[in-house]
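I opened this notebook to keep track of what I looked up in one protein model.

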Amino acid sequence: FLLPAAVLGIAAGRWLWADRSRTGTSLALVGIAAISLLSFVLVNASEQASVRRFGALMDDPGRVSPYGRSYGASVLELYFRDRGQYAEALAHARAAVAAEPTNPRNWTNVGYELMAMERHAEAIPYFREGIRRGPDRWEGRYNLGLSYMRLGRYEEAVPPLREAVALQGNLPVLRHNLGLALYRSGHADSALVVWRYILLRWPEYGASLQPTKERPAP
């Protein structure tokens with residue numbers, strides 16, 4: 001609202017300027033509009049201040065619905081995640097859960113941030129809750145399997161990874177990590193079957209079949 005109003009005020013002032021009898025009114029109108037425009041620019045000149053102000057606006061239960069607070073917290077979570085500031089991202093992910101606990105993505109996001117901080121044991125309950133609330137979502141199952149793998153609990157990693165593949169069968173990386181879990185839990189034959197399937201269906205993915213660090217699903 002502020003920007004269009006400021007521009008309109010400046011335009012109206014220029015129109016009134018043509019009438020010399022209204023010069024004072026024109027100057028006042030242009031001045032008010034310019035100050036409004038300048039205040040908008042200055043207030044948003046600092047990215048950090050803008051982020052803090054957005055957070056304060058979203059953290060107002062009296063004016064913002066639970067969905068709005070959850071969405072705003074998720075936006076801030078992604079903002080800090082993209083910058084590698086996982087502690088800050090985790091705080092906003094938890095805020096999203098508090099605002100809208102029925103959303104399975106919110107629980108999975110808390111687990112994701114904990115994974116990024118190598119706190120895998122803490123991430124597991126959040127992934128489990130996300131799975132319980134969103135049984136048709138594969139991301140929580142996949143990340144739960146990865147957390148088990150990072151903890152060396154390969155046998156426990158196999159079931160959620162199998163379920164993730166069943167829900168999302170078009171991502172070879174899911175099958176690849178299922179193969180890793182099978183191999184490291186002593187089921188080399190089963191792992192070989194999985195990897196052969198990947199090579200047949202996605203020949204170009206063969207170069208990725210290396211013992212690299214598993215990547216979680218965002």
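**Entry 1: the whole chain**

I began with burial, and I noted that buried residues make up 39% of the 218 residues in the protein, where buried means under 20% relative accessible area, exposed means over 50%, and partly exposed lies in between, with a 1.4 Å probe and protein chains only. I must keep in mind that this is a predicted model, in which local features need pLDDT of at least 70 and side-chain atom pairs count only at pLDDT 80 or more, while totals for chains, interfaces and linings use all residues. I also wrote down that residues are numbered from 1 along each chain as its sequence is written, and that side-chain values use heavy atoms, with hydrogens and water left out.

Next I looked up the elements and found 11 helices and zero strands in the protein; these are DSSP runs numbered from the N terminus, with helices being H or I of at least four residues and strands being E of at least two. I then checked contacts, meaning heavy atoms within 4.5 Å, and noted that residues 24 or more positions apart account for 49% of the contacts with a separation of 6 or more.

**Entry 2: the nonpolar cores**

Which residues touch the most other members of the largest nonpolar core? I found that they are Tyr142, Met149, Leu161 and Leu178, in a core of 33 residues; a nonpolar core is a set of buried Ala, Val, Leu, Ile, Met, Phe, Trp, Tyr and Cys residues joined through side-chain atoms within 4.5 Å. At least two residues of this core come from each of α5 (86–99), α6 (104–116), α7 (120–133), α8 (139–150), α9 (154–167), α10 (172–184) and α11 (188–201).

Two packed helices are described by the angle between their axes and the distance between the axes. I noted that axes are lines fitted to C-alpha atoms, for helices over the stretch in contact, and that angles run from 0 to 180 degrees between N-to-C directions.

For helix α3 (residues 47–58) and helix α4 (residues 66–82), the axes come within 9 Å and cross at roughly 155 degrees. The pair is therefore roughly antiparallel, since angles over 145 degrees count as roughly antiparallel, under 35 as roughly parallel, 65 to 115 as roughly perpendicular and the rest as oblique. Among the residues that meet here, I marked Val51, Phe54 and Met58 in α3, and Val75, Leu76 and Phe80 in α4. By class, the contact of α3 with α4 has seven nonpolar, three polar and two charged residues; Ala, Val, Leu, Ile, Met, Phe, Trp, Tyr, Cys and Pro count as nonpolar, Asp, Glu, Lys and Arg as charged, and the others, Gly among them, as polar.

**Entry 3: helix α6 and its two partners**

I compared two pairs that share α6. With α7, the packing angle is about 165 degrees and the axes are 8 Å apart, so α6 and α7 are roughly antiparallel to each other. Their contact includes Trp107 and Leu114 in α6, and Tyr126 and Phe127 in α7; by class, it has nine nonpolar, four polar and three charged residues.

With α8, the angle is about 30 degrees and the axes are 10 Å apart, so α6 and α8 are roughly parallel to each other. Thr108, Tyr112 and Met115 are the residues of α6 that I listed here, and they meet Glu139, Gly140, Asn143, Leu146, Ser147 and Arg150 in α8. This contact divides into three nonpolar, four polar and two charged residues.

**Entry 4: single residues**

Where is Glu118 placed? I found Glu118 in the loop between α6 and α7. Most residues other than glycine have a negative phi, but Glu118 has a positive phi of about 60 degrees although it is not a glycine. At 44% relative accessibility, Glu118 counts as partly exposed.

Ala91 is found in helix α5, and its relative accessibility of 45% makes Ala91 partly exposed. Ala91 and Leu76 are 15 residues apart in sequence, and their C-alpha atoms are 9.5 Å apart in space.
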